[in-house]
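This report covers aromatic contacts and some backbone features of one protein model.

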Amino acid sequence: MGRVEDGVTAEELEDWDPGTSALPAPGIKQGPGEQAGTGHLSQKCWEPEPDARSQPGPALWSRGRACTQALAGGSSLQQLDPENTGFIGADTFAGLVHSHELPLDPAKLDMLVALAQSNEQGQVCYQELVDLISSKRSSSFKRAIANGQRALPRDGLLDEPGLGVYKRFVRYVAYEILPCEVDRRWYFYRHRSCPPPVFMASVTLAQIIVFLCYGARLNKWVLQTYHPEYMKSPLVYHPGHRARAWRFLTYMFMHVGLEQLGFNALLQLMIGVPLEMVHGLLRISLLYLAGVLAGSLTVSITDMRAPVVGGSGGVYALCSAHLANVVMNWAGMRCPYKLLRMVLALVCMSSEVGRAVWLRFSPPLPASGPQPSFMAHLAGAVVGVSMGLTILRSYEERLRDQCGWWVVLLAYGTFLLFAVFWNVFAYDLLGAHIPPPP
């Protein structure tokens with residue numbers, strides 16, 4: 001689309017960088033029927049004094065005007081704020097999009113209007129407009145939408161007709177993971193197939209390849225840990241090899257047998273992949289690896305003689321975070337048969353823990369040393385309920401802006417520091433009898 005007189009192109013609006021450039025202005029004046037106090041956008045997040053709020057005089061004008069000049073520039077200001085009120089009209093902005101037929105996502109306009117109508121003063125922080133155009137949303141934006149007095153203008157995503165196979169899968173993921181219809185619509189319209197959820201798929205593939213290699217080498221596919229050569233792997237965590245720090249993470253690629261690998265791989269693909277699609281590679285990989293690391297460190301503290309294998313620490317971090325998020329948002333979740341699925345998930349996870357406890361204390365076969373510990377499962381669940389729940393409840397929000405996130409990081413960092421000192425000093429001080437490493 002070419003440039004119209006004193007207007008902007010569609011590319012300029014979609015590619016607008018609010019941090020480095022002025023808001024593009026179309027040269028549209030407010031119509032005679034538009035009022036500055038109805039659905040307008042404040043150009044700065046500030047709360048004026050009570051007298052300034054009721055009397056839009058010099059105090060209100062000067063503060064809004066100063067920020068307007070800094071952000072929009074002189075000529076753009078005259079076009080977007082011709083009456084020098086310090087506000088940008090929501091109707092004016094929407095009229096710009098419709099009159100020039102700019103391909104702005106209609107869902108963004110719906111949310112813009114909903115945000116304006118959800119505020120008692122009918123005002124929207126200018127930063128919220130910036131976040132909306134740049135596809136970012138703050139916690140205040142989400143709260144305003146969630147607590148607003150206006151319903152969404154469209155039906156739910158389940159009523160969307162004519163979707164292809166992949167878009168139906170995206171819709172399924174939205175209803176499986178997100179508890180709010182606004183968030184589901186936002187994710188559905190903004191989702192892109194690139195980059196794909198490569199982390200969970202790559203981890204699962206690597207675990208399968210490692211298992212196949214060791215199964216073929218040992219000629220054993222069930223209860224591999226009872227083979228005398230199994231513990232010689234450089235990937236297994238063994239208390240006698242604590243100085244080899246990589247083992248605290250790489251043990252996630254080894255598994256007791258086909259049954260444990262199948263259980264973990266199934267959960268990683270059924271829960272981990274949708275979580276990664278919604279919350280991104282960085283957050284989900286952080287949660288998974290935090291569960292894995294917490295699992296091995298917890299075993300080194302609570303079960304000092306036992307080795308660890310399997311990715312159960314990371315798997316239980318993901319599952320417990322997702323289940324806790326479902327429970328805390330039970331009314332908003334629209335996944336089918338959620339109660340039945342919740343019960344089945346808890347039964348399966350409890351059965352796996354029970355099986356690990358049985359193998360640890362009542363090994364069915366003669367073994368040369370202690371069998372892998374079950375404490376990694378429990379440690380992963382604790383990480384999921386704490387760190388994981390904080391991540392999953394922060395969809396499209398910056399974690400660094402949340403006090404709870406820093407509390408969780410502080411607690412996790414304190415645990416890591418304690419675990420390091422424990423592994424360095426406690427084994428010798430307590431005289432722990434460690435089976436000789438293979």
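Helix 9 (residues 165–177) contains both Phe 169 and Tyr 172, which are three residues apart, about one turn of the helix. The model is a predicted one, and it holds ten aromatic pairs. In the pair of Phe 169 and Tyr 172, the ring centres are 6.3 Å apart and the planes lie at 25°, so the pair is stacked, given that planes under 30 degrees apart count as stacked. Phe 169 is partly exposed, its relative accessible area being 36%. Tyr 172 is also partly exposed, with 42% relative accessibility.

Charged side chains over rings come next. Lys 167 is placed over the face of Phe 188, 4.2 Å from the ring centre. For Arg 360, the charged end sits over the ring of Phe 361, at 5.3 Å from its centre.

The backbone has a cis peptide bond between Cys 194 and Pro 195, with omega about 5°. Pro 195 belongs to the loop between helix 10 (181–190) and helix 11 (198–218).

| Residue | Phi | Relative accessibility |
|---|---|---|
| Leu 223 | about 55° | 16% |
| Tyr 337 | near 55° | 66% |

Leu 223 is found in the loop between helix 11 and helix 12 (247–250), and Leu 223 counts as buried. Tyr 337 is found in the loop between helix 15 (312–328) and helix 16 (338–361), and Tyr 337 counts as exposed.

How values were computed: Residues numbered from 1 in each chain as written. Predicted model: local features only at pLDDT ≥ 70, side-chain atom pairs only at ≥ 80, totals over all residues. Heavy atoms only, no water. Phe/Tyr/Trp six-rings, centres within 6.5 Å; stacked < 30°, edge-to-face > 60°. Helix = DSSP H or I, 4+ residues; strand = E, 2+ residues; numbered from the N terminus. Buried < 20%, exposed > 50% of the residue type's maximum accessible area, 1.4 Å probe, protein only. Lys NZ or Arg CZ within 6 Å of the ring centre and 35° of its normal.
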